[in-house]
Amino acid sequence: MNNELKQQMIKEVSEIFDSREPNVSEIYPMVREIYLNPYGWPEIDTLRHEVCLCLIFGLYQAAITLTNHMLESFLKFALSYKHSFDNHLGEIKDGSLKSLLDFLQPGFELYDGKDLGYTINRACRVGLISKEQKKQLHEFRESFRNAYNHAEKRKIHENRKIPVQYANLSEGGELTPTPESVHKIFEMPFLHGLTQCYHAKANAPSYFLCIDAIVRETMPKLFKNTESTSDAGV
């Protein structure tokens with residue numbers, strides 16, 4: 001890479017960071033404690049870290065999509081570990097890796113292929129989450145996980161409407177504005193890219209904060225020596 005190209009790339013990256021500064025100022029205080037306080041659960045901490053960065057830099061659609069994955073992973077890991085702990089399958093008789101894997105394998109095989117609806121219900125049934133959290137997670141499953149992961153625009157925009165005004169172009173090149181009218185967002189696919197961006201910005205932070213709180217509240221139920229850190233997002 002020649003020096004001229006290198007300097008140009010540095011300039012472009014600096015412009016990217018500068019353009020994100022207002023978002024950083026707005027969002028970082030909201031997620032700072034979560035960003036600085038890991039769970040101590042490596043399987044989930046990498047996802048927590050990356051969602052925080054997505055939010056801090058204003059990548060809200062990416063944040064929702066990754067929070068969806070974090071939710072599903074959290075439930076499967078929690079259920080799998082609980083199954084192993086409760087059933088003492090393949091007890092660890094020595095310190096070998098094989099004994100550890102034999103102990104964990106049944107639980108992870110049991111839940112790896114389960115869908116989100118099942119794992120939410122199961123997590124409530126075995127006492128990992130409350131009935132209120134179960135209800136909330138099912139709402140997230142429909143409005144965020146299914147909507148974004150399957151690109152179901154009707155679930156994203158529902159029956160929301162916006163005012164629209166456009167202009168007709170005459171053969172002579174004159175623009176004639178039409179009266180303003182109200183239309184459902186779902187019926188205007190050419191606006192979905194922009195409106196989904198705004199939808200994600202409005203919902204991604206609160207969605208992640210809720211999932212983070214559930215993870216921190218669940219960990220002491222699963223790992224008995226873990227202290228609750230549910231106030232990390234406050």
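Predicted model: local features only at pLDDT ≥ 70, side-chain atom pairs only at ≥ 80, totals over all residues.
Residues are numbered from 1 along each chain as its sequence is written, and side-chain values use heavy atoms, with hydrogens and water left out.

The protein contains 8 helices and 4 strands. These elements are DSSP runs numbered from the N terminus (helices: H or I, at least four residues; strands: E, at least two). Their order from the N terminus is α-α-α-α-α-α-α-β-β-β-β-α. The radius of gyration is 23 Å, well over the 17 Å that the globule rule gives for 234 residues, so the protein is more spread out than a compact globule. The radius is taken over C-alpha atoms, and the rule is 2.2 Å times the number of residues to the power 0.38. The C-alpha trace spans about 85 × 50 × 35 Å along its principal axes.

Of the 234 residues, 35% count as buried. Buried means under 20% relative accessible area, exposed over 50%, and partly exposed in between (1.4 Å probe, protein chains only). The accessible surface comes to about 14000 Å². Carbon and sulfur atoms account for 55% of that surface. Areas come from the Shrake-Rupley method with a 1.4 Å probe; for residues, only the protein chains shown count as cover. Among contacts (heavy atoms within 4.5 Å) between residues at least 6 apart in sequence, 60% join residues at least 24 apart.

A search of the whole structure finds 0 disulfides, defined as pairs of cysteine sulfur atoms within 2.5 Å. C54 is in no disulfide; its nearest cysteine sulfur, in C52, is 9.4 Å away. C54 is buried, at 12% relative accessible area. For C124, the closest cysteine sulfur belongs to C210 and is 14 Å away, too far for a bond. C124 is also buried, at 16%.

M1, L5 and M9 make a nonpolar surface patch of about 330 Å². Patch residues have over 30% relative accessible area and no salt bridge; like charges are joined within 9 Å, and nonpolar side chains (Val, Leu, Ile, Met, Phe, Trp, Tyr) within 5 Å. A salt bridge places a side-chain nitrogen of Lys or Arg within 4 Å of a carboxyl oxygen of Asp or Glu. M9 lies in helix α1 (residues 3-36). It is partly exposed, at 38%.

P189 lies in the loop between β4 (181-184) and α8 (192-222). P189 counts as exposed because its relative accessibility is 55%. P189 and K153 are 36 residues apart in sequence, with a C-alpha to C-alpha distance of 8.7 Å.
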